[in-house]
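Please set out a report on the model shown below, with attention to its domains, its ligand shell, its sheet and its helices.

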Amino acid sequence: MAGLGMIFDETYRPFFERVHRQGLYRREFGLVEVPLTAVASRTGARADKFRREAGDRIGAFASFSGGDALPRLLGHGVDVVCVATPDDRHFDAALQALDAGKHVLIEKPSVLTLQELDRLCASAKRQAVLAKVVYHKLADPDHKKLRTHVADGVLKHVNNGYCSLLEPKQISSSQFAEWISGRNPGTYVALHYVKLIDFTFGEFATRRADASTLAGWRLARVSATGQRGLVGPADGRTWDSVQLQITYAYPDGREAAFDIHTSWVTPDNFPGYVEQEVQFRFDNGVWNAHQRKRGVEMTVEGHAPAELKITPNHHFNAMFLEPWGERSQRGYGIEVIERFFEEVAYVEFGGPGDQRAIRLEEMRALDYNDLSADRNTVAVAQALEAILSEHFQGRPGCVVDVNAVEGGLVLRQPGFKDAVVLYAAPV
Ligand SMILES: NC(=O)c1ccc[n+]([C@@H]2O[C@H](COP(=O)([O-])OP(=O)(O)OC[C@H]3O[C@@H](n4cnc5c(N)ncnc54)[C@H](O)[C@@H]3O)[C@@H](O)[C@H]2O)c1
(Lines give C-alpha, C1' and ligand atoms only; values in the text may rest on other atoms or scores of the structure.)
Protein backbone atom coordinates (compact mmCIF):
# COMPACT_ATOMS: atom_id res chain seq x y z
CA MET A 1 0.00 0.00 0.00
CA ALA A 2 1.56 3.29 -1.10
CA GLY A 3 -0.13 6.26 0.64
CA LEU A 4 -2.03 5.94 3.91
CA GLY A 5 -4.26 9.00 3.83
CA MET A 6 -7.96 9.69 3.88
CA ILE A 7 -8.95 7.25 1.14
CA PHE A 8 -6.85 4.45 2.64
CA ASP A 9 -8.67 4.93 5.89
CA GLU A 10 -12.13 4.96 4.31
CA THR A 11 -11.86 2.06 1.86
CA TYR A 12 -8.56 0.10 1.82
CA ARG A 13 -8.25 -0.23 5.57
CA PRO A 14 -11.72 -1.81 6.03
CA PHE A 15 -11.02 -4.09 3.06
CA PHE A 16 -7.68 -5.29 4.47
CA GLU A 17 -9.19 -5.74 7.91
CA ARG A 18 -12.02 -7.82 6.48
CA VAL A 19 -9.79 -10.10 4.38
CA HIS A 20 -7.47 -10.47 7.37
CA ARG A 21 -10.49 -11.88 9.20
CA GLN A 22 -12.22 -13.81 6.42
CA GLY A 23 -9.86 -14.20 3.45
CA LEU A 24 -11.12 -13.74 -0.10
CA TYR A 25 -13.27 -16.48 -1.52
CA ARG A 26 -14.83 -17.34 -4.86
CA ARG A 27 -15.54 -20.76 -6.27
CA GLU A 28 -13.21 -20.11 -9.25
CA PHE A 29 -10.13 -19.49 -7.13
CA GLY A 30 -11.01 -20.89 -3.68
CA LEU A 31 -9.76 -19.23 -0.51
CA VAL A 32 -7.06 -16.65 -1.14
CA GLU A 33 -5.22 -14.82 1.63
CA VAL A 34 -4.66 -11.10 1.04
CA PRO A 35 -2.35 -9.99 3.86
CA LEU A 36 -1.30 -6.36 3.99
CA THR A 37 2.44 -6.95 4.11
CA ALA A 38 4.01 -3.54 3.60
CA VAL A 39 3.09 0.14 3.44
CA ALA A 40 4.90 3.22 2.16
CA SER A 41 4.10 6.75 3.24
CA ARG A 42 5.87 10.09 3.41
CA THR A 43 6.74 10.15 7.11
CA GLY A 44 5.55 6.82 8.54
CA ALA A 45 3.42 8.59 11.18
CA ARG A 46 0.11 7.40 9.74
CA ALA A 47 1.41 3.82 9.53
CA ASP A 48 2.30 3.94 13.22
CA LYS A 49 -1.14 5.29 14.08
CA PHE A 50 -2.86 2.67 11.94
CA ARG A 51 -0.85 -0.13 13.55
CA ARG A 52 -1.68 1.17 17.02
CA GLU A 53 -5.39 1.61 16.35
CA ALA A 54 -5.95 -1.55 14.30
CA GLY A 55 -4.49 -3.89 16.93
CA ASP A 56 -5.35 -7.47 16.04
CA ARG A 57 -7.67 -6.44 13.21
CA ILE A 58 -4.63 -6.57 10.93
CA GLY A 59 -1.50 -8.75 10.73
CA ALA A 60 2.10 -7.60 11.01
CA PHE A 61 3.25 -5.31 8.20
CA ALA A 62 6.44 -3.44 7.36
CA SER A 63 6.36 0.34 7.13
CA PHE A 64 8.69 2.30 4.85
CA SER A 65 8.98 6.07 4.64
CA GLY A 66 11.18 8.67 2.99
CA GLY A 67 12.50 8.97 -0.54
CA ASP A 68 13.29 5.29 -1.10
CA ALA A 69 10.12 3.95 0.56
CA LEU A 70 8.68 2.48 -2.61
CA PRO A 71 11.73 0.49 -3.81
CA ARG A 72 12.04 -0.92 -0.29
CA LEU A 73 8.35 -1.86 -0.30
CA LEU A 74 8.77 -3.53 -3.70
CA GLY A 75 11.68 -5.51 -2.32
CA HIS A 76 9.54 -6.79 0.54
CA GLY A 77 7.89 -9.66 -1.33
CA VAL A 78 4.63 -7.95 -2.26
CA ASP A 79 2.48 -9.27 -5.16
CA VAL A 80 0.08 -6.36 -5.59
CA VAL A 81 0.62 -2.63 -5.07
CA CYS A 82 -2.18 -0.13 -4.39
CA VAL A 83 -1.25 3.48 -5.11
CA ALA A 84 -3.14 6.07 -3.07
CA THR A 85 -0.58 8.86 -2.97
CA PRO A 86 -1.53 12.43 -4.00
CA ASP A 87 -2.77 12.83 -7.59
CA ASP A 88 0.49 14.01 -9.13
CA ARG A 89 2.53 11.24 -7.44
CA HIS A 90 0.73 8.22 -8.88
CA PHE A 91 2.82 7.77 -11.99
CA ASP A 92 6.27 7.15 -10.47
CA ALA A 93 4.95 4.73 -7.88
CA ALA A 94 2.79 2.85 -10.39
CA LEU A 95 5.58 2.60 -12.96
CA GLN A 96 8.10 1.28 -10.44
CA ALA A 97 5.58 -1.30 -9.24
CA LEU A 98 4.61 -2.45 -12.74
CA ASP A 99 8.24 -2.60 -13.86
CA ALA A 100 8.86 -4.84 -10.86
CA GLY A 101 6.12 -7.19 -12.13
CA LYS A 102 3.46 -6.35 -9.53
CA HIS A 103 -0.27 -6.03 -10.21
CA VAL A 104 -1.23 -2.40 -9.62
CA LEU A 105 -4.36 -0.59 -8.52
CA ILE A 106 -4.26 3.23 -8.70
CA GLU A 107 -6.64 5.67 -7.07
CA LYS A 108 -8.40 8.05 -9.40
CA PRO A 109 -7.21 10.06 -11.30
CA SER A 110 -4.91 7.34 -12.60
CA VAL A 111 -2.29 9.67 -14.09
CA LEU A 112 -2.26 13.21 -15.45
CA THR A 113 -1.06 12.73 -19.04
CA LEU A 114 -1.61 10.27 -21.86
CA GLN A 115 2.16 9.97 -22.22
CA GLU A 116 2.27 8.59 -18.67
CA LEU A 117 -0.71 6.35 -19.32
CA ASP A 118 1.00 4.90 -22.41
CA ARG A 119 4.08 4.04 -20.37
CA LEU A 120 2.09 2.33 -17.62
CA CYS A 121 0.02 0.32 -20.11
CA ALA A 122 3.15 -0.76 -21.97
CA SER A 123 4.80 -1.88 -18.74
CA ALA A 124 1.69 -3.82 -17.62
CA LYS A 125 1.59 -5.56 -20.97
CA ARG A 126 5.31 -6.37 -20.90
CA GLN A 127 5.13 -7.74 -17.36
CA ALA A 128 1.81 -9.58 -17.93
CA VAL A 129 0.15 -8.03 -14.88
CA LEU A 130 -3.03 -6.06 -14.26
CA ALA A 131 -2.97 -2.26 -14.13
CA LYS A 132 -6.27 -0.87 -12.93
CA VAL A 133 -7.79 2.32 -11.55
CA VAL A 134 -10.46 2.89 -8.88
CA TYR A 135 -13.51 4.94 -9.83
CA HIS A 136 -15.84 3.91 -7.06
CA LYS A 137 -18.75 5.98 -8.38
CA LEU A 138 -19.21 3.35 -11.09
CA ALA A 139 -20.12 0.91 -8.32
CA ASP A 140 -22.67 3.23 -6.73
CA PRO A 141 -26.04 1.40 -7.03
CA ASP A 142 -27.69 4.54 -8.43
CA HIS A 143 -25.06 4.89 -11.14
CA LYS A 144 -25.29 1.18 -11.93
CA LYS A 145 -29.03 1.61 -12.38
CA LEU A 146 -28.50 4.65 -14.61
CA ARG A 147 -26.19 2.61 -16.83
CA THR A 148 -28.61 -0.30 -16.83
CA HIS A 149 -31.41 1.99 -18.07
CA VAL A 150 -29.09 3.33 -20.77
CA ALA A 151 -27.98 -0.17 -21.77
CA ASP A 152 -31.58 -1.39 -21.91
CA GLY A 153 -32.67 1.56 -24.03
CA VAL A 154 -35.03 2.93 -21.36
CA LEU A 155 -33.13 6.21 -21.39
CA LYS A 156 -32.29 7.16 -24.97
CA HIS A 157 -29.63 9.44 -26.42
CA VAL A 158 -28.04 11.65 -23.77
CA ASN A 159 -27.83 15.30 -24.83
CA ASN A 160 -26.36 17.15 -21.90
CA GLY A 161 -26.04 17.27 -18.16
CA TYR A 162 -24.33 18.72 -15.12
CA CYS A 163 -22.45 17.23 -12.21
CA SER A 164 -21.43 19.05 -9.08
CA LEU A 165 -19.13 17.99 -6.26
CA LEU A 166 -18.31 20.45 -3.52
CA GLU A 167 -15.82 19.58 -0.79
CA PRO A 168 -15.53 21.43 2.52
CA LYS A 169 -12.78 23.97 3.19
CA GLN A 170 -11.08 21.66 5.67
CA ILE A 171 -10.06 19.42 2.75
CA SER A 172 -8.01 22.18 1.15
CA SER A 173 -6.92 23.89 4.36
CA SER A 174 -5.86 20.92 6.48
CA GLN A 175 -6.34 17.44 4.96
CA PHE A 176 -4.43 18.19 1.74
CA ALA A 177 -2.29 21.06 2.99
CA GLU A 178 0.95 19.19 2.27
CA TRP A 179 0.31 18.69 -1.44
CA ILE A 180 -2.35 21.20 -2.44
CA SER A 181 0.02 23.83 -3.76
CA GLY A 182 -0.43 24.07 -7.54
CA ARG A 183 -3.37 21.66 -7.54
CA ASN A 184 -7.05 22.04 -8.38
CA PRO A 185 -10.30 20.39 -7.27
CA GLY A 186 -11.23 19.53 -10.87
CA THR A 187 -8.49 16.95 -11.36
CA TYR A 188 -9.15 15.71 -7.85
CA VAL A 189 -12.87 14.97 -8.23
CA ALA A 190 -14.36 16.03 -11.59
CA LEU A 191 -12.72 12.99 -13.12
CA HIS A 192 -15.09 10.77 -11.15
CA TYR A 193 -17.86 12.24 -13.29
CA VAL A 194 -15.86 12.28 -16.50
CA LYS A 195 -15.39 8.55 -16.04
CA LEU A 196 -19.06 8.08 -15.14
CA ILE A 197 -20.14 9.89 -18.32
CA ASP A 198 -17.57 8.18 -20.52
CA PHE A 199 -18.31 4.71 -19.19
CA THR A 200 -22.08 5.04 -18.83
CA PHE A 201 -22.87 6.58 -22.18
CA GLY A 202 -19.92 5.72 -24.41
CA GLU A 203 -20.62 2.09 -25.14
CA PHE A 204 -24.31 2.60 -25.80
CA ALA A 205 -24.41 6.10 -27.31
CA THR A 206 -24.26 4.93 -30.85
CA ARG A 207 -26.55 1.96 -30.64
CA ARG A 208 -29.07 1.68 -33.44
CA ALA A 209 -32.62 0.44 -32.97
CA ASP A 210 -31.48 -2.98 -34.20
CA ALA A 211 -28.87 -3.06 -31.37
CA SER A 212 -25.89 -2.92 -33.72
CA THR A 213 -23.49 -0.11 -32.93
CA LEU A 214 -22.00 2.69 -34.96
CA ALA A 215 -18.45 3.71 -34.23
CA GLY A 216 -18.20 7.38 -33.59
CA TRP A 217 -19.38 8.74 -30.23
CA ARG A 218 -16.19 10.49 -29.39
CA LEU A 219 -14.73 13.00 -27.00
CA ALA A 220 -14.47 16.21 -29.02
CA ARG A 221 -13.54 19.20 -26.82
CA VAL A 222 -12.55 20.24 -23.33
CA SER A 223 -12.77 23.72 -21.83
CA ALA A 224 -12.48 24.99 -18.27
CA THR A 225 -12.18 27.96 -16.00
CA GLY A 226 -11.99 28.46 -12.25
CA GLN A 227 -11.49 30.74 -9.28
CA ARG A 228 -8.53 31.42 -6.98
CA GLY A 229 -7.88 33.54 -3.91
CA LEU A 230 -8.98 31.46 -0.92
CA VAL A 231 -6.62 28.47 -0.85
CA GLY A 232 -3.80 30.53 -2.35
CA PRO A 233 -3.18 33.92 -3.96
CA ALA A 234 -5.71 35.24 -6.54
CA ASP A 235 -3.05 35.08 -9.27
CA GLY A 236 -1.45 31.82 -8.09
CA ARG A 237 -1.37 28.23 -9.35
CA THR A 238 -3.68 26.75 -6.71
CA TRP A 239 -7.40 26.71 -7.49
CA ASP A 240 -10.41 27.02 -5.17
CA SER A 241 -13.04 25.88 -7.63
CA VAL A 242 -13.13 24.71 -11.23
CA GLN A 243 -15.84 24.57 -13.90
CA LEU A 244 -15.08 22.03 -16.60
CA GLN A 245 -17.02 21.39 -19.79
CA ILE A 246 -16.56 18.28 -21.91
CA THR A 247 -18.24 17.80 -25.27
CA TYR A 248 -18.80 14.53 -27.11
CA ALA A 249 -19.85 14.21 -30.75
CA TYR A 250 -22.24 11.61 -32.12
CA PRO A 251 -21.59 10.21 -35.59
CA ASP A 252 -24.53 12.16 -37.03
CA GLY A 253 -23.09 15.49 -35.89
CA ARG A 254 -25.26 15.99 -32.81
CA GLU A 255 -23.22 16.84 -29.71
CA ALA A 256 -23.57 16.09 -26.02
CA ALA A 257 -22.11 18.53 -23.48
CA PHE A 258 -21.54 18.09 -19.75
CA ASP A 259 -20.64 20.73 -17.17
CA ILE A 260 -18.80 19.55 -14.08
CA HIS A 261 -18.41 21.97 -11.18
CA THR A 262 -16.03 21.26 -8.31
CA SER A 263 -14.80 23.13 -5.26
CA TRP A 264 -12.88 22.48 -2.06
CA VAL A 265 -13.77 25.73 -0.31
CA THR A 266 -17.40 25.11 0.67
CA PRO A 267 -18.00 26.15 4.32
CA ASP A 268 -17.13 23.38 6.77
CA ASN A 269 -20.54 23.58 8.41
CA PHE A 270 -22.42 23.08 5.15
CA PRO A 271 -24.87 20.28 5.98
CA GLY A 272 -23.86 18.12 3.05
CA TYR A 273 -20.15 18.01 3.90
CA VAL A 274 -19.48 16.57 0.43
CA GLU A 275 -22.26 17.89 -1.78
CA GLN A 276 -22.80 15.80 -4.92
CA GLU A 277 -25.46 16.11 -7.55
CA VAL A 278 -25.94 15.07 -11.18
CA GLN A 279 -28.56 15.64 -13.83
CA PHE A 280 -28.53 14.01 -17.27
CA ARG A 281 -31.04 14.90 -19.99
CA PHE A 282 -31.94 12.43 -22.73
CA ASP A 283 -34.14 12.56 -25.82
CA ASN A 284 -36.85 10.90 -23.78
CA GLY A 285 -36.07 11.51 -20.13
CA VAL A 286 -34.22 13.18 -17.28
CA TRP A 287 -32.10 11.54 -14.57
CA ASN A 288 -31.63 13.57 -11.43
CA ALA A 289 -29.61 12.25 -8.50
CA HIS A 290 -28.46 13.73 -5.25
CA GLN A 291 -25.86 11.60 -3.57
CA ARG A 292 -26.59 12.66 -0.01
CA LYS A 293 -30.35 13.00 -0.18
CA ARG A 294 -31.05 9.31 -0.14
CA GLY A 295 -33.46 9.51 2.69
CA VAL A 296 -31.56 10.02 5.93
CA GLU A 297 -31.38 13.36 7.68
CA MET A 298 -30.10 13.48 11.23
CA THR A 299 -28.92 16.08 13.71
CA VAL A 300 -27.14 15.32 16.96
CA GLU A 301 -26.37 18.24 19.23
CA GLY A 302 -22.66 18.95 19.47
CA HIS A 303 -21.73 16.29 16.87
CA ALA A 304 -23.30 17.31 13.54
CA PRO A 305 -22.19 18.24 10.96
CA ALA A 306 -18.48 17.89 11.86
CA GLU A 307 -18.32 14.40 13.26
CA LEU A 308 -21.73 13.02 12.24
CA LYS A 309 -23.05 14.11 8.85
CA ILE A 310 -26.51 15.68 8.66
CA THR A 311 -27.34 13.92 5.38
CA PRO A 312 -25.00 10.90 5.38
CA ASN A 313 -24.29 8.60 2.42
CA HIS A 314 -24.34 5.17 4.03
CA HIS A 315 -23.93 3.52 0.64
CA PHE A 316 -20.33 4.59 -0.05
CA ASN A 317 -18.85 3.30 3.17
CA ALA A 318 -20.21 3.23 6.71
CA MET A 319 -19.84 1.33 9.95
CA PHE A 320 -22.78 -0.78 10.98
CA LEU A 321 -23.96 -3.04 13.74
CA GLU A 322 -25.29 -5.89 11.62
CA PRO A 323 -28.59 -7.51 12.64
CA TRP A 324 -26.59 -10.65 13.51
CA GLY A 325 -24.50 -8.74 16.04
CA GLU A 326 -21.30 -8.25 14.06
CA ARG A 327 -19.68 -4.81 13.64
CA SER A 328 -18.90 -4.19 9.99
CA GLN A 329 -17.78 -1.48 7.61
CA ARG A 330 -19.16 -1.85 4.13
CA GLY A 331 -20.24 0.02 1.01
CA TYR A 332 -19.49 0.35 -2.68
CA GLY A 333 -16.22 2.21 -1.96
CA ILE A 334 -14.89 -0.98 -0.36
CA GLU A 335 -16.67 -3.36 -2.75
CA VAL A 336 -14.81 -1.91 -5.73
CA ILE A 337 -11.44 -2.62 -4.11
CA GLU A 338 -12.49 -6.14 -3.19
CA ARG A 339 -13.55 -6.67 -6.80
CA PHE A 340 -10.03 -5.71 -7.98
CA PHE A 341 -8.48 -8.27 -5.66
CA GLU A 342 -10.92 -10.88 -6.96
CA GLU A 343 -9.72 -10.06 -10.48
CA VAL A 344 -6.09 -10.56 -9.42
CA ALA A 345 -6.99 -13.80 -7.61
CA TYR A 346 -8.84 -15.00 -10.68
CA VAL A 347 -5.80 -14.35 -12.90
CA GLU A 348 -3.38 -16.07 -10.54
CA PHE A 349 -5.49 -18.90 -9.11
CA GLY A 350 -8.66 -19.15 -11.22
CA GLY A 351 -7.55 -22.16 -13.29
CA PRO A 352 -4.56 -24.01 -14.74
CA GLY A 353 -1.27 -22.10 -14.93
CA ASP A 354 -1.00 -22.54 -18.68
CA GLN A 355 -4.26 -20.58 -19.10
CA ARG A 356 -3.16 -17.59 -17.05
CA ALA A 357 -2.69 -15.46 -20.18
CA ILE A 358 -6.30 -16.06 -21.18
CA ARG A 359 -7.57 -15.10 -17.74
CA LEU A 360 -5.34 -12.02 -17.76
CA GLU A 361 -6.84 -10.87 -21.07
CA GLU A 362 -10.34 -11.51 -19.74
CA MET A 363 -9.72 -9.23 -16.76
CA ARG A 364 -7.99 -6.63 -18.92
CA ALA A 365 -11.05 -6.43 -21.11
CA LEU A 366 -13.04 -4.92 -18.22
CA ASP A 367 -13.32 -1.29 -19.27
CA TYR A 368 -14.67 -0.03 -15.98
CA ASN A 369 -11.28 -0.21 -14.31
CA ASP A 370 -8.57 -1.22 -16.81
CA LEU A 371 -5.94 1.47 -17.33
CA SER A 372 -6.07 0.94 -21.09
CA ALA A 373 -9.72 2.10 -21.05
CA ASP A 374 -8.90 5.27 -19.11
CA ARG A 375 -7.76 7.23 -22.18
CA ASN A 376 -10.64 9.70 -22.42
CA THR A 377 -10.56 10.43 -18.71
CA VAL A 378 -6.80 10.98 -18.70
CA ALA A 379 -7.15 13.11 -21.86
CA VAL A 380 -9.57 15.35 -19.96
CA ALA A 381 -7.16 15.53 -16.99
CA GLN A 382 -4.29 16.51 -19.27
CA ALA A 383 -6.44 19.09 -21.07
CA LEU A 384 -7.73 20.54 -17.80
CA GLU A 385 -4.25 20.81 -16.29
CA ALA A 386 -2.96 22.54 -19.45
CA ILE A 387 -5.92 24.97 -19.65
CA LEU A 388 -5.52 25.97 -15.98
CA SER A 389 -1.77 26.34 -16.42
CA GLU A 390 -2.31 28.68 -19.40
CA HIS A 391 -4.86 30.62 -17.35
CA PHE A 392 -2.28 31.03 -14.55
CA GLN A 393 0.20 32.35 -17.11
CA GLY A 394 -2.24 35.04 -18.19
CA ARG A 395 -3.96 33.23 -21.05
CA PRO A 396 -7.47 32.29 -19.88
CA GLY A 397 -10.15 30.76 -22.06
CA CYS A 398 -8.17 28.04 -23.87
CA VAL A 399 -9.92 25.09 -25.45
CA VAL A 400 -8.49 21.63 -26.13
CA ASP A 401 -9.66 19.83 -29.27
CA VAL A 402 -9.50 16.05 -29.21
CA ASN A 403 -8.27 14.14 -32.26
CA ALA A 404 -7.84 17.25 -34.38
CA VAL A 405 -5.82 17.57 -37.57
CA GLU A 406 -2.67 18.62 -35.66
CA GLY A 407 -2.76 15.80 -33.11
CA GLY A 408 -4.65 13.90 -30.42
CA LEU A 409 -4.83 16.71 -27.87
CA VAL A 410 -4.53 20.21 -29.28
CA LEU A 411 -4.60 23.30 -27.08
CA ARG A 412 -5.91 26.48 -28.72
CA GLN A 413 -5.52 29.91 -27.20
CA PRO A 414 -7.99 32.66 -28.06
CA GLY A 415 -6.33 35.17 -30.37
CA PHE A 416 -3.39 32.88 -31.27
CA LYS A 417 -3.09 31.18 -34.62
CA ASP A 418 -0.66 28.49 -33.54
CA ALA A 419 -1.93 25.57 -31.55
CA VAL A 420 0.03 23.60 -28.95
CA VAL A 421 0.01 19.83 -29.38
CA LEU A 422 -0.21 18.28 -25.91
CA TYR A 423 -0.35 14.71 -27.18
CA ALA A 424 0.45 13.79 -30.76
CA ALA A 425 -1.05 10.30 -31.22
CA PRO A 426 -4.81 9.80 -31.42
CA VAL A 427 -6.64 9.72 -28.09
N1 LIG B 1 -11.83 7.32 -4.72
C2 LIG B 1 -12.11 8.47 -4.13
O3 LIG B 1 -13.21 8.97 -4.08
C4 LIG B 1 -11.03 9.23 -3.49
C5 LIG B 1 -11.28 10.01 -2.37
C6 LIG B 1 -10.22 10.68 -1.82
C7 LIG B 1 -8.98 10.59 -2.41
N8 LIG B 1 -8.81 9.83 -3.52
C9 LIG B 1 -7.51 9.77 -4.20
O10 LIG B 1 -6.61 9.06 -3.38
C11 LIG B 1 -5.32 9.66 -3.44
C12 LIG B 1 -4.88 10.02 -2.05
O13 LIG B 1 -5.82 10.90 -1.50
P14 LIG B 1 -6.03 11.04 0.05
O15 LIG B 1 -7.32 11.76 0.24
O16 LIG B 1 -5.88 9.74 0.72
O17 LIG B 1 -4.79 12.00 0.40
P18 LIG B 1 -4.06 12.27 1.79
O19 LIG B 1 -3.35 13.56 1.66
O20 LIG B 1 -5.05 12.09 2.91
O21 LIG B 1 -2.98 11.09 1.89
C22 LIG B 1 -1.88 10.97 1.04
C23 LIG B 1 -0.97 9.85 1.54
O24 LIG B 1 0.07 9.65 0.59
C25 LIG B 1 1.32 9.59 1.28
N26 LIG B 1 2.36 10.04 0.36
C27 LIG B 1 2.57 11.28 -0.14
N28 LIG B 1 3.61 11.26 -1.00
C29 LIG B 1 4.06 9.99 -1.04
C30 LIG B 1 5.10 9.33 -1.74
N31 LIG B 1 5.85 10.02 -2.60
N32 LIG B 1 5.29 8.00 -1.53
C33 LIG B 1 4.50 7.31 -0.66
N34 LIG B 1 3.49 7.88 0.02
C35 LIG B 1 3.28 9.20 -0.16
C36 LIG B 1 1.14 10.48 2.49
O37 LIG B 1 2.08 10.14 3.49
C38 LIG B 1 -0.32 10.12 2.87
O39 LIG B 1 -0.30 8.94 3.64
C40 LIG B 1 -5.45 10.85 -4.38
O41 LIG B 1 -5.08 10.46 -5.67
C42 LIG B 1 -6.93 11.15 -4.40
O43 LIG B 1 -7.37 11.72 -5.60
C44 LIG B 1 -9.79 9.13 -4.04
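## The ligand shell

By class, how many nonpolar, polar and charged residues does the shell around the ligand have? The shell has twelve nonpolar, six polar and six charged residues, where Ala, Val, Leu, Ile, Met, Phe, Trp, Tyr, Cys and Pro count as nonpolar, Asp, Glu, Lys and Arg as charged, and the others, Gly among them, as polar. This is a predicted model, in which local features need pLDDT of at least 70, side-chain atom pairs count only at pLDDT 80 or more, and totals for chains, interfaces and linings use all residues. Residues are numbered from 1 along each chain as its sequence is written.

The ligand is surrounded by 24 residues, the closest being G3, G5, M6, R42 and E107; a residue is near a molecule if its C-beta atom, placed from the backbone, lies within 6 Å of it. The elements that give two or more residues to this shell are α1 (6–22) and β3 (38–41), and α1 supplies the largest share, three residues. Helices (H or I, at least four residues) and strands (E, at least two) are DSSP runs, numbered from the N terminus.

## Two domains

The protein chain is divided into domain 1 (6–137 + 329–365) and domain 2 (141–314), with bounds that come from an automatic or database domain assignment. Their centres, taken over C-alpha atoms, are separated by 26 Å. Nine residues from domain 1 and eleven residues from domain 2 make up the contact, for which two residues must have C-beta atoms, placed from the backbone, within 7 Å. On the side of domain 1 that touches domain 2 there are six nonpolar, no polar and three charged residues. The shell around the ligand, for its part, draws at least three residues from each of the two domains.

## The open sheet

Nine strands form an open sheet with mixed pairing, in the order β13-β12-β8-β11-β10-β9-β16-β17-β18, two strands being paired if DSSP finds at least two bridges between them. Because β13 (286–290) and β18 (420–423) stand at the edges with a single partner strand each, one side of each is left without a neighbour in the sheet. Within the sheet, β9 (residues 218–227) and β10 (residues 241–249) pair in the antiparallel sense over nine bridges, and Q227 has S241 in β10 as its bridge partner.

## A covered helix

Helix α4 (residues 90–99) is mostly covered, with seven of its ten residues buried, that is, with 20 or more other C-beta atoms within 10 Å of their own, all placed from the backbone. These buried residues are H90, F91, A93, A94, L95, A97 and L98, and they pack against α3 (69–74), β5 (80–83), β6 (103–107), α5 (114–127) and β7 (131–134).

Notes: Buried ≥ 20, exposed ≤ 12 C-beta atoms within 10 Å, placed from the backbone.
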